[in-house]
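I opened my notebook beside the structure and jotted down what I looked up, entry by entry. Here is how it went.

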Amino acid sequence: MLVDCRELTFCTSAGLNAMLRARRLALRQGTALRLTGVTGQLRRLLRVTEVDTVLDIQDSPTTTRDAV
């Protein structure tokens, strides 16, 4: 599952929790959750919480077929 975050300008702990739950659900389905277009506040939040070590974060968008 590819999540394009390019237009995301703000994320709270609730959003972070939703991403982690989506990752768990994706893994149960035998797929991966990948974030792309992560910048600014979201990138800092992921780094400070060390969630960037758990989530698959790509610097540039790819097609869905490439991400699966």
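Leaving aside its neighbours within four places in sequence, which residues is Leu45 in contact with? I looked them up and found Cys11, Thr12 and Leu16. A reminder to myself before going on: this is a predicted model.

**Entry: Leu45**

I placed Leu45 in helix α2. I then checked its cover: the relative accessibility is 19%, and Leu45 counts as buried because the cut-off is under 20%. I also took one distance along the way. Phe10 is 35 residues from Leu45 along the chain, and the C-alpha atoms of the two are separated by 9.7 Å.

**Entry: the whole chain**

Next I stepped back for the overview. I counted 3 helices and 3 strands in the protein chain, and reading from the N terminus their order is β-α-β-α-β-α. The chain has 68 residues, and 25% of them are buried. For the accessible surface I noted about 4,700 Å², with 52% of that belonging to carbon and sulfur atoms. I also looked at sequence separation: of the contacts between residues at least 6 apart, 63% join residues at least 24 apart.

**Entry: helix α2**

Back to the helix of Leu45. I have α2 at residues 40–48, where Leu42, Leu45 and Leu46 are buried. Looking down the axis of α2, I see that these buried residues fall within an arc of 95 degrees, so they line one face of the helix. What lies over them? I found that the cover includes α1 (13–28), β2 (34–36) and β3 (56–58).

**Entry: helix α1**

I went to α1 next, as part of that cover. This helix has 16 residues, and from its first C-alpha to its last I get 23 Å, close to the 22 Å expected at 1.5 Å a residue. Which residues of α1 are buried? My list has Leu16, Met19 and Ala26. They sit on the same side of α1, because their arc around the axis covers only 85 degrees. On the other side of the helix I noted Ser13, Ala14 and Arg28 as exposed. The buried residues of α1 have β2 and α2 among their cover.

After α1, Gly30 has a positive phi of about 85 degrees. After α2, Glu50 has one of about 60 degrees. Most residues other than glycine have a negative phi. Where is Glu50 found? I traced it to the loop between α2 and β3. Buried or exposed, then, for Glu50? It counts as exposed, because its relative accessibility is 55% and the cut-off is over 50%.

**Entry: Gln58**

My last stop was strand β3, where Gln58 lies. With a relative accessible area of 18%, Gln58 is buried. Leaving aside neighbours within four places in sequence, I listed its contacts as Leu2, Arg34, Leu35, Thr36 and Gly37.

Key. Residues are numbered from 1 along each chain as its sequence is written. This is a predicted model: local features need pLDDT of at least 70, side-chain atom pairs count only at pLDDT 80 or more; totals for chains, interfaces and linings use all residues. Side-chain values use heavy atoms; hydrogens and water are left out. Buried means under 20% relative accessible area, exposed over 50%, partly exposed in between (1.4 Å probe, protein chains only). Helices (H or I, at least four residues) and strands (E, at least two) are DSSP runs, numbered from the N terminus. The arc is that of the directions from the helix axis to the C-beta atoms. Contact means heavy atoms within 4.5 Å. The expected span of a helix is 1.5 Å times one less than its number of residues. Accessible areas come from the Shrake-Rupley method with a 1.4 Å probe; for residues, only the protein chains shown count as cover.
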